[in-house]
Structure formats: C-alpha cells, structure tokens
Amino acid sequence: MAGVYLLITFFGFFFALSLYQLKYLLSFLMASGIDVRFLFPRALDIVSFAPWLLIFSGILLFAFVLSYLRFSMQVRVTLPRLEITRTISNSKIFQGELTSVRVRIYNPTLFDLDRVILTDMVPDTFDIVFGENHIEVNIPAGGEIELAYILRAAARGVHMIGPVNIMLIDKSYFFAATVEMPVLSEIRVFPSYRDIKRLEMTQKMMGGFLPGQHTMFKIKGSGYDFHQLRQFYHSDPLKLIDWKASARLGKLMVREYHGERVIKIYIVIDTSYTMGYGYRRFTKLDFATRAGALVAYLAQKLQDFFGVMLFSSIVHNFVKAGRGRGHFMHVLSILAEAEPEGVANLPGAIRYLIDYEPRSCFLVIISDLESDVNAIVEGIKIALAHKFRPTIIVPMSPLFEIPPPRTSLKQIFREAVMIEYMRRLNAISTKIARFGVRVMPASPQNIISVVLEAYVRAKQRMIGAI
Amino acid sequence: MRVYLSLLKRRKRMLLIKYMLFKIFLITALAAYYLYINGIINSIVWLKGLAVLSFIKLGFIAVVFSVVYSLTLIAAFSSNVYDYNAIYLASMTIINSFFRIDVAALDNLLAGTFILSINELLLMLLGFMLWLSVLFNISFIAKGRVSHFMWSLALILLALVGLEAMGYANIAVSEWPPTTIGGFLSNSMVILAILTFIVIEVCGNLAYASTIIDGYTKKIDRLGKGLHEILLGKVSSENTIREREEEIRSASKLRFGPLATLMLRGYGGVYALEETSEEVLSKVVGLLRSEGEQNAEIIEAVLGLRSIPRFTTTMLSIVMGLLIKLPLSILLTLLAFALVGILGRLYPELVEVRTPAFALIVFSLIVAIFYILGGIIARKKFG
C-alpha cells in the first residue's frame, strides 16, 4: 500500500519533469512542421504547472514520511511495552473437556495503537468452541482490551497456548508490522475420561463392578470379609475351624474369608514413532494412553499398586508403582506427555524397570510390535527371568491406519495389507507364546475392553500379587 | 441471560448508526473534492466522458446487429426474398426494438459516415478518465481502500493537465516563485494537494473506522447467534436421527462402519464416540455457569464487548493529523523550495539548479534528513 502512495507522489514528480520535456518536444515537433496546437492550444502554458506539481507531490511526500515516522515510533516504542496477560480457567483438563482462555492487553504508553490485529495462537490440538482467538481493534493510550474464547481439548498431551501475534497496521493500510509476543501458557490434557465415565455408568447399570466375567473379583484367602463355611479337610489349618458351626452341624466346619491381596501392575506403553500413526487425534498411541488411563483408574479403585512407563529407544517417563488419588493423577499427567518418537527398545525398557522394581509384578505392555522381533523376544525373556509377568496388547496397525474402504479396489488393498500384517503378527505371537506370554490383538473398537480383560484376568489369577 | 442478548442488540444498533455517519462524512468529503474539480474544468467534459459509454454501447450494438443481420439474411433468402434494403431495414427494426437506440447513429457507424474528430475523441477519453476516477472513489467509499482513492487521484491529475492543455480547464497557477504565502496557497495545485491530504487523512480514517465497525457487527451477529443457541436453546427443531448420525460421523475423524458405531454406542449404553454440537454447547453452558461471578465478564469478553473500538481516539487522531501533519508538510515543502531557490541563486551558472530534477534531489535530501532526525529524536525521547 505504501507503494501506491509513493507511486502517486513520484507520478507527480515525474509528471512535472516531463512537462519541461514537453516544452522541448513541442518546439521540436513545430520545427519539424507538425503543429499540435490545434489539439492542445495551451500546451506551452502548462509548463508553468511544473513547480506547482512539485509542490503537490511534495506535500503528499512529507505527509507520507510523517505517517511513516509515527508508525515506526508505534512499532518501536509502543509494541514492546504492551502488557499481555493470559488467564486460563483450568490448565489441567481431560481430553474433551473445556477451558476458558482470557487475554488482556494493556497499553501503558502515551501513544494510541491505531489498528491492531491480535491473534492468540492456539495449537491444532484444541477446538475453539465459542468465541474467537483473534480481534481487530484500536488500543488507546493507557487503555485495555480483553478477548476471551472457550477451548475444547481435542488431543491428549502437553500443549502451549501462545505466542500472541500482534499485527500493527497503519489506518490507511500503508504500512504493517508483525510482532510475536512470547506469552505462553501450558495446558496439560489428560487422556479422555470418557472411557472411565462409561465404565462407571456400566457399573451402575449392571449393579456390579463389571458385566459378565468381570464381576468375579473376590477370591478366597486370609482377609476379614466372610466368604463361606465348608467342610473341614485334613489339609486345612486347625485355626480355621469354626467351633460353633461345627457343634451346631455335628461335623467339622471351616470358615473361609475373602482374599485381601493386591497386585502390582505396570502399564508399559511403547511410544515409538510407529505408534503415532492413525487418524489425527485417534492414533494408536492415543488409544494406548486411553486404555492406560482406564487400567490406572481400575487399579486405583481396587487398591492395587500401579505404575507407568513410556519407552521407545530410551525410557521417557517412569513412575514407580504406588496407589492413591494423587498417584493416579500423577500417572495421568505422565500419560498426557506421551509423544511418538524413536524406535522401540523393549529389552532396554525392561532392564530399566528391573533397576527400580526388584519384585514380581504384572506388566501390561501396549505396543504395535513393529520393531525388531528378536529384540521383543529378548525383552520378554528378560522380563520373565525377573518374575515379571507380561501380557502384550497389540493395536492392529491396518485397522487404525487404513480407513474402511469405499471402493472394491481399496477393499482388496486393505485385505491384502491385513493378511500380510496378520501373518507377521501370528509369527511373532507364536514366538512369544513359547514363553507362556499372551499376545492380544486389539482394534480401535475393542482396545479398551481388551486391556480391561487383561487386567481382570491378572487380578483373578493374582498375577503379580504382592 | 437475555440481558446479554439485548445488550448486544443495543451495541450493534449503536455501531450501525456510527457506521452510517462515517459513510455519510466520507461521501460528503469526496463530493466536496469533486465540486472543486468541477469548478476548474468545463462541465461539457463530463458529458463527453459519458459519450464514451454510449459509443462503446453503439459498438456493442453494431456487433449484435451483424449477428441479427446475418440471421435475417438467411431467413429472408430461405423464403425467397432477395431485397437487401428490406432485410437491412428489418434488422434495424429488430435491433431498435431490442435496445431503443439512435438508429441514425448506428446507420452512420455501419455506413462508415460516422464523424469523430481527434479533438473530440481526446476530450472523450479525458472525460472518461474523470468518470473512471469517480468509479474508483465509489469503490473507495464502499470498500474503504485508500489505494482506490490514489488511483483515482492519478487519473484526475492526468486528466486535469490534459484538459488544461486542451483549453477545457482553468487551473489557476501564479508565476513561480510566489511572492507571498497567500499567493502560494491560492494556487489550484496547492489547494488540490491540501484537499487530497484532507481526503486521505479524514476519509482514510473514516474508512478504517467503518471497516472496523463492519467487522464488529458481523462478529456480534455471529457470536450472538451462538450465544442464543447456548443460553436459550436451539431455535431450529431437533436433529433427526439420521442427521445426528451424520454429525457424529463428520465430527469424528475416524470413520467406523455401522456395526462398529453401534457397538461403540452400545458400550456404556449412552455415550457416542464424539460429542454432537448440542452436547458441546451444553458443556459450554456448564462452563459459563461454573465461572460464577466472572460469568458476565467472560461473556462480554467473548463477545468482544470489552474491546469495542474507541472511536473518540480515532476522531482525535484525525484532528491531530490535520492540525500537525498538514502545516508541517506545507512548511517542509516550502523549505525544500526555498533551498532550491537559494542554491539556484548561489550557483546561477549551473544549468541543473534551474530544472525540476534538481528540486527532486533536494526534496529527497530533505526527506532523508527529516526521517533520520525524526528517528533519532524518537529514540532519545522514548527509548
């Protein structure tokens, strides 16, 4: 735009110059016998315009320079002194939840900002559900403006809101300058709580803990809750005999109690780069963290010890098994940080775990098993050698990555990929099955229930019991 | 909650009144500008400019006529009529019934007896340029782009100088150098420059202000509708099951087959994979309510009511621009010319000092010095 302004000014200048040239051109034409005075009778008079045209252009030129000086002063002096504060109503939320963001901009200087376009940069991982993250406004000297919007966390992770992008434009669209103010705020988005909610709802509806086989949680043992009376066998310890019942029934009866034993479980999630494939916001890793969050929730409910480990080529995050609400939140926050990168190194991860966890425990390994097969087997061997009891949940990659086909050609392609994938998975499963370790393939639809099943099974059999 | 909606309506009405006022100011200022130009030039130029349009129209009709004539020719020949004169007249009647034109002019054009002098053609061209500048200015009023005014200004300048040379304008310029300030300011070109400056400053600002208002009213409309939906429920009827299914599918990036969707919905009994917009909106209501006392503040901030542009500052900056910038620009221009005059007197033997090119160099020099000085002062004073 400034170009257009200057264009007019220089147009005036060169017009003035050409008027002088015109005088010589006219005299030349007349000398050559061409008389243009029938067309332009006052052509020679307009030469006297030249200095006045220069005045015309001069006034515009100086006005332009003055505007530019004012603008550059605004950019140099006012913009860096703007005070920007961002308030986030809740900086730790679950995936799918809302939070409100308010940005306040205060101009403490003596100069007005004529035309400002403010944009609060929001990463793609959030949806703006109400309001707008940008505004076009003028900020007077000493004035304050405020914009607000409501965000919905669409993807798990640790996300930064900001920086604030300020574009200052001259009122006449002549000049523009863009500055990025490094005002950043962190929002930690935990994996979706919806699965947990679903579980709670199902539990309420079914009147038990979980539907079907998952209701059988209590087992016999030396707890305090009464289970049943049964006949005495010779192998039973004498202290278990209920003398009153024996006297009443005329035969020796034994009192049985529910077991009070808890298990120790580690959620081991592979965060190698292949786990990041799938649909945006619905990658294998996203599903894995959701499943992990659900297991953590269940373990917390049942007083089990639970820990988490995120690994790829190195161990990115590790939380030693513990229990309680605070620990659960800590685990969720770790799950939120999972980012797909590097190549899976299961043996390394297991060795790391051995250093911190000397006792037996149950491992739920969620991995797509797309790294070296021998390394996976090696990792399993090391785990078993140290009394870790792993179960591997494998998100089946084609189901996560290839959309349901609409044409028959794509259908064939998908089938072919699926067959090849299953062949490889079967080979790996067979290798691992030799060590008595279950490999459970999972699709996007059932990954949650598969993980749940693995956990319930471990709980029933007291795998990794303390 | 209805309070916010009525507040929004009130704000919007207030903004719209301002918008209309600004546009009226804009039109008035530009009309004054054209009034001055009209005073300089002979009013016949405007009509000649319009004649270009009718000339173009005539050319277009001539093309249509040739098509009609050929068709009539075919029709006449196929019905064994070979009278060319009758066919020509019939085609002319058809064309006349279509366009209601000056048949004689078309006839002249077709017969090649159309007389147009070069002088007239040139006048038409210059007049047309003036009309073109009007169109540019209308666009400037409507869209608020100062660049359109600039282009119109270039056309006006070119047309004015051309018209002056042809003797159809009467631009008052006194002999150079002027002896008094009054003599300097009374010249047409200086007045035109000042008017141009005022139009840029005033109309540019007003155009900016009206653009901002326009953006704001649109924002209020957009968000007001959202607020209405959130707080008072959807006005439109509930979505049908099919629409709802579609909404879930489109909201979810992962597309499931019908069985998978059913399974997912069945799981837990209530929840779908993705929330529908209604569910999200109900959550928004929940969030707004949970904000408690800040509720009013956040709604005002979201709707932009807490950042409505301050128009008093805009108007103030217009006045400041006129009071400071304009006299300063004129003074600096005079300074540049005085310097040119002094240098011309000091070195009379040099031919260059008497040419406008030299004035241009002095101008550039003063601009550069002024800019550097301004920068230094600003940095020292404000850091």
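Predicted model: local features only at pLDDT ≥ 70, side-chain atom pairs only at ≥ 80, totals over all residues.
**Exercise 1.** Work out which residue with a positive phi follows helix 2 of chain B.

*Solution.* Helix 2 of chain B is followed by Asn80(B), with a positive phi near 60°. Helices here are DSSP runs of H or I with at least four residues, numbered from the N terminus. Residues are numbered from 1 along each chain as its sequence is written, while chains are lettered from A and ligands numbered from 1 in the order in which they are written.

**Exercise 2.** Check the end-to-end span of helix 2 of chain B against what it should be.

*Solution.* Start with the 35 residues, 44-78.

**Exercise 3.** Find the buried residues of helix 2 of chain B, and say what they pack against.

*Solution.* Buried means 20 or more other C-beta atoms within 10 Å of the residue's own, with C-beta atoms placed from the backbone. Val45(B), Lys48(B), Gly49(B), Ile61(B), Phe65(B) and Thr72(B) are buried. Next, look at the partners: helix 3 (84-99), helix 4 (103-111), helix 5 and helix 6 of chain B.

**Exercise 4.** Describe the contact of chain B with chain A.

*Solution.* Contact means C-beta atoms, placed from the backbone, within 7 Å. Chain B puts in 81 residues and chain A 78 residues. Helix 8 of chain B gives the most to chain B's side, with 14 residues.

Definitions and conventions: Contact = placed C-beta atoms within 7 Å. Helix = DSSP H or I, 4+ residues; strand = E, 2+ residues; numbered from the N terminus. Expected span 1.5 Å × (residues − 1). Buried ≥ 20, exposed ≤ 12 C-beta atoms within 10 Å, placed from the backbone.
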